[in-house]
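Let's take a walk through this structure together.

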Amino acid sequence: MILRSLLFVPGDSERKLAKAETNPADALILDLEDSVAAERRPFARGLVKEYLLAHRDRTHRQLWVRINPLNTNDALQDLAAVVDGAPDGIVLPKTDGVADIIRLGYYLDALEARLGLALGGVKIIPVATETPRALFQMGSYADGAPRLAGLTWGAEDLATALGAVSNRTEAGVLEHTYLLARSLCLAAAAAAGIQAIDTVFTDFRNAAGLEAEARAARTAGFSGKLAIHPEQVEIIHRAFTPSAKEIEEAKRVVAAFAAHPGAGTVGLEGRMLDRPHLLQAQKILALAGVKDT
Ligand code: COA
Ligand code: MG
């Protein structure tokens, strides 16, 4: 299932958990990390576990949990508390590379076995660019890893780790290093054959800015985006849903190939089409939920 939108909900906020109940996000990320103060974490763990247990039907929406980084004592406590609730997956912040995914996978193996859950059921999405070291390890995702379902990236913690004053230039655009992180995330996800998910847009009252950023992300190859505010979700869905015009065009491309079985290249309205065009058209139809056969 392609997750177009993943909405962060602070794990210690009953009010926000209640508000998220009716939100159309494809996934919620119940947060135990940066949006929860350290002294609230034990309370948040209990609340998140309760929420997962009370929402066992995940047909219409997945429930993920962002735990604390693996190099903290909190990480294991987070896992021990929430895996009982069989989350669809764990969002792992500040990962250094695929070795962290393999290590988290072992922890999950043990917990799933202990709890009698399906082995391998809990997936993992790392926030893959939050440490300087991680940037040199992005190629490590190419071979994939058990449980790895997607990659996302972050520009805030990376800036802090780099000692930056800001991650933006005076003109207000992301500085080169963070665009590099974004591109590495995109390429690493494609190399691993998994979803690339664009980072948060923090200026949550700026709907037009979000829409432009989400569209640019889809154009580049991302298939979804993180959200931090309920009102961002519909904007993200719009941006990641192919337009009627794109769907029509994709159907014509698929039909042109179907009319010439076995052909590697076909002509359509005076244009040459080959395999990459077919794959692109099929991807658009898959995103739009249209069957192409
Ligand atoms: N999930 C669920 N509900 C949310 C929400 C979220 N991420 N963000 C806001 N809401 C709720 C508010 O509680 C409020 O509900 P209410 O009317 O019942 O009080 C409503 O949506 C409108 O919120 P608004 O007043 O516009 O924003 P705010 O000032 O209350 O909150 C933030 C702004 C940024 C603090 C909030 O959006 C938030 O906590 N976002 C998530 C932050 C996070 O998880 N960060 C970690 C990843 S970077
Ligand atoms: Mg963070």
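A crossing of two helices is called right-handed if the near helix is turned clockwise from the far one by less than a right angle, and left-handed if it is turned anticlockwise. Keep in mind that what you're looking at is a predicted model.

The crossing of H8 and H9 is right-handed. On the H8 side, the contact includes Ala207, Leu210 and Ala214, while H9 brings in Ile235, Ile236 and Phe240, among others. Sorted by class, the residues of this contact are eight nonpolar, one polar and four charged.

Now move along to helix H10 (residues 244-258) and helix H11 (residues 275-287): their axes come within 9 Å and cross at roughly 130 degrees. That angle makes H10 oblique to H11. This crossing of H10 and H11 is left-handed. Among the residues that touch are Ile247, Val254 and Phe257 of H10 and Leu278, Ala281 and Leu285 of H11.

Last stop: which residues hold the protein donors of the magnesium ion (ligand 2)? They're Asp34 and Asp157, each through OD, at 2.1 to 2.2 Å from the ion. Asp34 sits in the loop between strand S2 and helix H2, and Asp157 in helix H6, so the pair ties together parts that are 123 residues apart in sequence. Asp34 is partly exposed, at 47% relative accessibility, whereas Asp157 is buried, at 18%.

Note on methods:
Residues are numbered from 1 along each chain as its sequence is written. Chains are lettered from A and ligands numbered from 1 in the order in which they are written. This is a predicted model: local features need pLDDT of at least 70, side-chain atom pairs count only at pLDDT 80 or more; totals for chains, interfaces and linings use all residues. Side-chain values use heavy atoms; hydrogens and water are left out. Axes are lines fitted to C-alpha atoms, for helices over the stretch in contact, and angles run from 0 to 180 degrees between N-to-C directions. Helices (H or I, at least four residues) and strands (E, at least two) are DSSP runs, numbered from the N terminus. Angles under 35 degrees count as roughly parallel, over 145 as roughly antiparallel, 65 to 115 as roughly perpendicular and the rest as oblique. Contact means heavy atoms within 4.5 Å. Ala, Val, Leu, Ile, Met, Phe, Trp, Tyr, Cys and Pro count as nonpolar, Asp, Glu, Lys and Arg as charged, and the others, Gly among them, as polar. Donors are N, O and S atoms within 2.8 Å of the metal (3.2 Å for Na, K and Ca); water is not among the atoms, so sites may look incomplete. Buried means under 20% relative accessible area, exposed over 50%, partly exposed in between (1.4 Å probe, protein chains only).
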